[in-house]
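Please open the structure in the viewer and keep the selection panel at hand. The stops below are intended to be visited in order.

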Amino acid sequence: MVSNRLAEICDAQADAVAAASALHPLEELKTVCAAKRSPRDFTAALKAKAASDCLAVISEAKRQSPSAGMIVSNYDPVACARGYEAAGAACLSVLTNTRYFGGSIEDLRATRAASALPVLRKDFIIDPWQVYETRVIGADCILLIAAILNKKTLVELAELGRSLGLAVLVEVHDKSEIPTALATGSDLIGVNNRNLETLDTDIEAGARLVAQLADSGRTIVAESAISNATDAARMLDAGATAILVGEALLRSDDVAGKLKELARPRNNGLKQD
């Protein structure tokens, strides 16, 4: 059941989609999609970086968030992308939601043009029109949040994304969402350590969800509140292949050092289980 907070977000998103699709009808987007080059392989990029002692890092570019408020006042997504790539990130994540994260599709376009890394579009995707839009603006991967979609819609949007060549990251934040996420057939399952209603985070709860998915044959991405080697090692030991990190990198004075710490957390004085 969608909470009041998530229902508010989805209602606002539906209004935004209605306005945008009036300007750019679905058939227009389909025509543009047909002429686009193939996306970069997001999943392969994660697997290429991951190892038994190493996590692939999806580095996120965003100006603000509902939980943290303003993170970067002089936000420059292109500089973020170039810095992350130079530091060894496997992939990028870019917020395109304006109302809650201060992002835009222009941010994603600029970021992808500035980097050779595959890019995840981070937004609240609720409608097929947005899936086509995601392909049009140049993203390589799309996020689908199980908490805001019923099973039928989630499966249909995942199938549509794959048919357009997009990688599909299906996100769960509760064990009840796992069967639905697996039913999509997606190779990528994200575990959000944040409660989407209260915005509280719980690394241990997230790690338990990761562990439940570790034998699923999917690539597991741990998301939110991963700020140090201890957090990252917990996710690695639970069975995650990758972590998605934004705030810890954006606030760091040494992005390359922080990314290295998170990617190889067992090399930072931590005991391996």
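A polar contact is a pair of N or O atoms within 3.5 Å; within protein, one must be able to donate a hydrogen and the other to accept it, and residues adjacent in sequence count only if both atoms are side-chain atoms. This is a predicted model, in which local features need pLDDT of at least 70 and side-chain atom pairs count only at pLDDT 80 or more, while totals for chains, interfaces and linings use all residues. Residues are numbered from 1 along each chain as its sequence is written, and side-chain values use heavy atoms, with hydrogens and water left out.

Select Thr-111 in helix 6 (residues 105-114); helices (H or I, at least four residues) and strands (E, at least two) are DSSP runs, numbered from the N terminus. A polar atom of the Thr-111 side chain lies 2.7 Å from the backbone oxygen of Asp-107. Thr-111 is buried, at a relative accessible area of 1%; buried means under 20%, exposed over 50%, and partly exposed in between (1.4 Å probe, protein chains only). Beyond its neighbours within four places in sequence, Thr-111 is in contact with residues including Pro-77 and Leu-92, where contact means heavy atoms within 4.5 Å.

Next, select Lys-30 and Glu-27. They form a salt bridge, with the closest N and O atoms 3.6 Å apart; the term denotes a side-chain nitrogen of Lys or Arg within 4 Å of a carboxyl oxygen of Asp or Glu. Both residues are in helix 2, and because they are three residues apart, about one helical turn separates them. Lys-30 is partly exposed at 32%, whereas Glu-27 is exposed at 53%.

Glu-60 belongs to strand 1 (residues 56-61) and Lys-122 to strand 5 (residues 119-122), so the pair ties together parts 62 residues apart in sequence. Both Glu-60 and Lys-122 are buried.

The closest N and O atoms of Arg-121 and Glu-133 are 2.9 Å apart.

Finally, display the cysteines. How many disulfides does a search of the whole structure find? The search finds zero, a disulfide being a pair of cysteine sulfur atoms within 2.5 Å. The sulfur of Cys-54 is too far for a bond because the closest cysteine sulfur, in Cys-91, is 13 Å away.
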